Amino acid sequence: MLMRQEIEEREMDSLAPYAAKSRASHNRTYAEEEHPFRTAFQRDRDRVIHSSAFRRLEYKTQVFVNHEGDHYRTRLTHTMEVAQIARIIARALGLNEDLVEAVALAHDLGHTPFGHAGEDILRLLMQQYGGFEHNLHTLRVVDLLERRYPQFPGLNLTWEVRESIVKHTTRHDHPVAAEFLPRLQPLLEAQVVEVSDSIAYDSHDLDDGLYGGLLLEEELLEMELWKEAAAKVTQTYGDLDSRQRRIQTVRFIINWEVTDLVENSAALLEKNKIASLEEVRQSPEILVTFSPDVQRKKDEIETFLLEHLYKHYRVTRMAQKAKRFIQELFQEYVRNPAQLPPPYEQRIKEDGPQRVACDYIAGMTDRFALDEYKKLFDPYERV
Ligand code: MG
């Protein structure tokens with residue numbers, strides 16, 4: 001049987017010198033005995049998967065709301081794509097795959113229902129009460145809001161996973177994040193998750209947008225990377241029907257981006273003579289990045305998606321509707337917090353009604369929020 005110490009030993013031998021080693025983990029907020037055959041980061045990954053917030057990702061919107069159709073990405077499938085891409089990159093760079101997987105699976109736990117519309121409206125409503133930002137809220141979910149273990153609140157994850165969750169954002173000046181030294185660069189494993197997130201959403205939003213008829217193939221040819229990938233697909237397979245052409249073009253784009261990222265990051269690590277985790281921390285620049293050429297083409301995709309998909313009138317209508325009723329839910333809970341379920345209501349003294357209402361709403365799935373709206377405002381609905 002392979003014991004934890006042996007797995008840790010193998011990490012020391014097989015991972016790159018600049019990788020985060022589970023043996024060197026800064027440990028957990030509440031001291032716990034190590035597991036006999038799982039490393040600290042493997043255990044974190046398992047805790048994330050067993051959490052209730054993780055299961056709820058299945059019914060949270062990525063871009064398309066759940067009831068629009070069964071083929072679109074949800075927060076859960078998005079999260080799985082991020083984890084898959086991140087693990088491939090981590091393995092190719094000799095980084096800690098278990099840590100990357102734990103961070104990737106946790107990275108969107110703090111996302112609200114209804115995608116960015118939900119986050120935007122909560123940020124506005126919470127402006128005077130400490131604000132709302134989904135990465136910081138993810139930390140709140142894993143540190144406090146998950147209730148599974150009698151010995152401590154939250155999931156009691158390792159410092160490295162918690163820091164990587166917060167450093168997944170650019171806003172390091174927030175008091176909640178003060179314990180994570182803002183001047184230091186994130187671990188390479190966190191940097192990998194950050195870019196994998198963007199590789200995943202760029203590619204799957206193009207895919208979902210085309211599938212849903214919100215984007216048109218002719219428009220996509222305006223983008224260099226799409227045009228090159230589409231040409232490569234035709235060169236490889238000849239004429240395909242539009243469905244296969246869409247799937248293969250997206251596939252080529254992911255492969256190009258991942259390959260470029262791995263090659264460019266490996267070259268950067270070598271050029272900067274990075275030989276330890278300390279040097280990663282002190283490096284003046286992020287080391288997991290695309291080549292300038294691919295970065296430029298990727299920026300083009302993001303601008304395109306912003307203009308053609310995220311601002312599409314159908315997406316805007318969904319977003320506006322979601323904002324309206326999230327705002328009404330929030331105001332109603334704050335007006336009379338006794339309507340909140342007991343575990344939430346109990347925290348009002350400490351955290352104030354706004355923060356507690358925000359926690360409750362942010363944790364909801366799309367369909368739960370819709371149901372809750374009916375229960376509160378439809379006189380014929382059961383409460
Ligand atoms: Mg994400």
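Predicted model: local features only at pLDDT ≥ 70, side-chain atom pairs only at ≥ 80, totals over all residues.
Me: How do helix 6 and helix 15 pack, at what angle and how far apart are their axes?

Reply: The angle between helix 6 (residues 115-125) and helix 15 (residues 313-335) is about 40 degrees, and their axes lie 9 Å apart. That angle makes helix 6 oblique to helix 15.

Me: Is the crossing left-handed or right-handed?

Reply: Helix 6 and helix 15 cross in a right-handed sense.

Me: Which residues make the contact?

Reply: From helix 6, Ala117, Gly118, Asp120, Ile121, Leu122 and Leu125 take part. Helix 15 contributes Ala319, Ala322, Lys323, Ile326, Gln327 and Phe330.

Me: And how do the residues of that contact divide into nonpolar, polar and charged?

Reply: Eight are nonpolar, two polar and two charged.

Me: Pockets next. What volume does the largest pocket have?

Reply: Its volume is about 810 Å³.

Me: How many residues line the largest pocket, and which lie nearest its centre?

Reply: The lining has 33 residues, and those nearest the centre are Gln62, Val63, Arg75, His116 and Tyr310.

Me: Which helices each supply at least two residues of that lining?

Reply: Helix 4 (75-92), helix 6, helix 9 (188-211), helix 14 (292-310) and helix 15 each do.

Me: Where does the largest share come from?

Reply: Helix 15, with seven residues of the lining. Helix 15 is also the partner of helix 6 in the packing above, and helix 6 supplies at least two lining residues.

Me: What is the lining like by class?

Reply: It has 12 nonpolar, 12 polar and nine charged residues.

Methods: Residues numbered from 1 in each chain as written. Heavy atoms only, no water. Axes fitted to C-alpha atoms, helices over the stretch in contact; angles between N-to-C directions. Helix = DSSP H or I, 4+ residues; strand = E, 2+ residues; numbered from the N terminus. Parallel < 35°, antiparallel > 145°, perpendicular 65-115°, else oblique. Left-handed = near helix turned anticlockwise from the far one by under 90°. Contact = heavy atoms within 4.5 Å. Nonpolar A, V, L, I, M, F, W, Y, C, P; charged D, E, K, R; others polar. 1 Å grid on protein atoms, 1.4 Å probe; cavity = no way out; pocket = protein on both sides within 12 Å on 5 of 7 lines; lining within 4 Å. Points joined across faces, edges and corners; volume = space filled by probe spheres on them.
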